[in-house]
Amino acid sequence: MSLTIERRTVAQRDSSLAATYRQVLILQEYLPNDVDKTVVRANKLVTIRKSYGQITELVVEPRPTPSGRALLLLDRAVEKVRSFATLPVDWDSYGAPPVTETAVQQGLVLLRAPELLRLLPAHQARLAAFPRRDGGLQLDIDGGRLAIEIEVMAEGETVFTFFDADNEVQAEFNSLVEAVTWYTSSAT
Amino acid sequence: MPYTITGEDELIRRVPQQPSFFKQNAQGESVLSSAAFTLKKDEDGLSVDIAALTTLEQAVYTQRTLSGEAVTGALLLAAVPLSLGCTCVHDPTAASVEQPANEAHALIKGNINKSLARKLADASRLLPPVESNG
């Protein structure tokens, strides 16, 4: 993973500190072991920022790279999926049940899976999360060779479906590994 | 008296504003996710209102979820589901504890699978969202 690491003062970064902190937390889960020390240092400095003003902050910025954009998309999706846990009955005005805790937890597990990054297009990736009307949730991945819908059912079962430009189903899998294997191999 | 839905009829599907069912396409425009056109397990058709028998105000803008959230909506030409092998059936509903009677209610019936849900979403025109006023 390519990372841009730089030093700035906290004063220069005031408005984006919260976002930076979230990014660091997310990055922590995806970074390979050999750059782990960087994250530890970054975390320490983010904690120190409460002193505000003169402290130098170590900023990990994924934004400039495609993989960094993917991490930001995942970050947003994680927040949205978490919010589904509080949806009331009839959230869609057609009597939909709440999203189950099982679906939310499974969705979060999926979003933290490093393999999921391989389904996100390197450039112009789009990822959006939606509740499903049957108590599950859905992740839409667009911008790549094929559109992808990932359904997490109310009971936690996961289905990966690939669509062509005419919205016809090209393939369907029940495991992330199988989906990634098929998607990457079908590109050649 | 039952209303016969033709391909020229416009159908109104309510869509929640929160959580949003919109995503961006490659041009940066808001489009609907297919999640707005999937069925619940106990449904035998996709609920819509026939535009000719109601108003946007009545079908969408005065509607609320049980918890009071405002909704928005999408317009779909009946020709789309009809051309995809679905039937569109006038299905007026009687008043219940939860909802008033709805003379304009209809169902899109058929094999509403993932592919079809995406096609319906793609063919829909979004109504502008409204401010929630309780």
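Let's start at Glu10(B), which is partly exposed, with a relative accessible area of 26%. Keep in mind as you look around that this is a predicted model. The partner to look for is Arg125(B): its side chain and that of Glu10(B) meet in a salt bridge, 2.7 Å from N to O. This pair links distant parts of chain B, with Glu10(B) in strand S1 (residues 10–16) and Arg125(B) in strand S8 (residues 125–126), 115 residues apart. Arg125(B) also counts as partly exposed, at 48% relative accessibility.

Why might two such side chains meet at all? Side chains of opposite charge can pair when their charged atoms come close. Over all chains, the count comes to 14 salt bridges.

Now move over to chain A and find Asp92(A) and Arg133(A), whose side chains meet in a salt bridge at 2.6 Å, N to O. Here too the pair links distant parts of the chain, 41 residues apart: Asp92(A) lies in the loop between helix H3 (66–84) and helix H4 (101–111), while Arg133(A) lies in the loop between strand S3 (126–131) and strand S4 (137–142). Are these two residues buried or exposed? Asp92(A) is buried, with a relative accessible area of 2%, and Arg133(A) is buried as well, at 1%.

For a contrast in setting, turn to Val177(A), which sits in helix H5 (residues 176–185) of chain A. Val177(A) is exposed, with a relative accessible area of 51%. In sequence, Val177(A) and Glu115(A) are 62 residues apart, yet in space their C-alpha atoms are 7.2 Å apart.

Finally, what about disulfides? The count over all chains is zero. Return to chain B to see an example: Cys86(B) is in no disulfide, and the nearest cysteine sulfur is that of Cys88(B), 6.9 Å away. A disulfide needs the two sulfur atoms within 2.5 Å, so the 6.9 Å between Cys88(B) and Cys86(B) is too far for a bond.

Conventions. Residues numbered from 1 in each chain as written. Chains lettered and ligands numbered in written order. Predicted model: local features only at pLDDT ≥ 70, side-chain atom pairs only at ≥ 80, totals over all residues. Heavy atoms only, no water. Helix = DSSP H or I, 4+ residues; strand = E, 2+ residues; numbered from the N terminus. Buried < 20%, exposed > 50% of the residue type's maximum accessible area, 1.4 Å probe, protein only. Salt bridge = Lys/Arg side-chain N within 4 Å of Asp/Glu carboxyl O.
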